[in-house]
Amino acid sequence: KLARAGCSASVNQSLPPTNPAAIEKDSGRMGADVQLDFDRVFLAWEGIFVRSHQLRGKHISRRGYFALAMIRLPADFEVVSRYEMFDPNLDRSNVIRRRIVGGVNWHVDPKLWKIQLNYRRDLTPIFSHLLIAQTQVNF
């Protein structure tokens, strides 16, 4: 279980949406991901590119990716960092959204329950700071 890589693609040759309530419809999507999992270190990257039909026949293209690094510590703790980038319209400038996240996970019961505390900072277009506490329960 050292490395895993994958890719996906879909093409939709349908016409642009005719319903005025529908803003757009995906016409093509491509994605790829890579994961490296060592004993105490986990690294991941995922990217996506989407082309959509909009009303009036115009196309819009989007892209995004994230990179994640996690270090496993003793006593069921993990330190996690993540960088995300999303461009909702490749034809317009100054709309790229960037975000960094750093946090700590504690696996109270490694097979059942995890508590997470994360700090998130949105870098563009508006700088914002957010502290997030959440829990995950497997069942």
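At 38% relative accessibility, Val-34 counts as partly exposed. The residue belongs to a predicted model, in which Val-34 is part of strand E2 (residues 24–37). The protein chain has 0 helices and 8 strands. The points below cover the chain as a whole, then selected residues, aromatic pairs and salt bridges.

**Overall architecture**

- In sequence order, the elements of the protein chain give the pattern β-β-β-β-β-β-β-β.
- The protein chain has 139 residues, of which 24% count as buried.
- When contacts between residues at least 6 apart in sequence are considered, 36% of them join residues at least 24 apart.
- The protein chain exposes about 9700 Å², and 61% of that area is supplied by carbon and sulfur atoms.

**Surroundings of Val-34**

- Beyond its neighbours within four places in sequence, Val-34 is in contact with Arg-4, Ala-5, Leu-43, Ala-44 and Trp-45.
- Val-34 and Ala-67 are 33 residues apart along the chain, and their C-alpha atoms are separated by 9.6 Å.

- Glu-78 is found in strand E5 (residues 77–87), while Asn-105 lies in strand E6 (residues 97–109).
- Glu-78 is buried yet has no salt bridge. The nearest side chain of opposite charge, that of Arg-72, is 4.4 Å away, whereas a salt bridge requires the nitrogen and the carboxyl oxygen to be within 4 Å.
- The side chain of Glu-78 does make a polar contact, at 3.1 Å, with the side chain of His-107.
- Apart from residues up to four places away in sequence, Glu-78 touches Met-70, Ile-71, Arg-72, Gly-103, Val-104, Asn-105 and His-107.
- Asn-105 has a relative accessible area of 4% and is therefore buried, the cut-off being under 20%.
- The side chain of Asn-105 makes a polar contact with that of Gln-116 at 3.5 Å.
- With neighbours within four places in sequence left aside, the contacts of Asn-105 are Asp-76, Phe-77, Glu-78, Val-80, Lys-114, Ile-115 and Gln-116.

**Aromatic pairs**

- A search of the whole structure finds 2 aromatic pairs.
- In the pair Tyr-65 and Tyr-83, the ring centres are 6.2 Å apart and the planes stand at 45 degrees, so the pair is tilted.
- Because Tyr-65 lies in strand E4 (residues 59–73) and Tyr-83 in strand E5, this pair ties together parts that are 18 residues apart in sequence.
- Tyr-65 is partly exposed, at a relative accessible area of 32%, and Tyr-83 is also partly exposed, at 26%.
- In the pair Phe-77 and Trp-106, the ring centres are 5.9 Å apart and the planes are at 10 degrees, so the pair is stacked.
- This pair links distant parts of the chain, with Phe-77 in strand E5 and Trp-106 in strand E6, 29 residues apart.
- Phe-77 counts as partly exposed at 32% relative accessibility, as does Trp-106 at 36%.

**Salt bridges**

- Side chains of opposite charge can pair when their charged atoms come close.
- A search of the whole structure finds 6 salt bridges.
- One of them joins Arg-4 and Asp-33, whose closest N and O atoms are 2.8 Å apart.
- Arg-4 counts as partly exposed at 43% relative accessibility, whereas Asp-33 counts as buried at 16%.
- Asp-122 and Arg-99 meet through their side chains in a salt bridge of 2.6 Å, N to O.
- That pair also links distant parts of the chain, with Asp-122 in strand E7 (residues 113–124) and Arg-99 in strand E6, 23 residues apart.
- Asp-122 counts as buried at 13% relative accessibility, while Arg-99 counts as partly exposed at 25%.
- Glu-84 forms a salt bridge with Arg-82, with the closest N and O atoms 2.7 Å apart.
- Arg-82 is partly exposed, its relative accessible area being 28%.
- A network of salt bridges links Arg-82, Glu-84, Arg-99, Arg-120 and Asp-122.

Key:
Residues numbered from 1 in each chain as written. Predicted model: local features only at pLDDT ≥ 70, side-chain atom pairs only at ≥ 80, totals over all residues. Heavy atoms only, no water. Helix = DSSP H or I, 4+ residues; strand = E, 2+ residues; numbered from the N terminus. Buried < 20%, exposed > 50% of the residue type's maximum accessible area, 1.4 Å probe, protein only. Contact = heavy atoms within 4.5 Å. Lys, Arg positive; Asp, Glu negative; His and termini not counted. Polar contact = N/O pair within 3.5 Å; in protein donor to acceptor, adjacent residues only side chain to side chain. Areas by Shrake-Rupley, 256 points an atom, 1.4 Å probe, with all protein chains shown as cover. Phe/Tyr/Trp six-rings, centres within 6.5 Å; stacked < 30°, edge-to-face > 60°.
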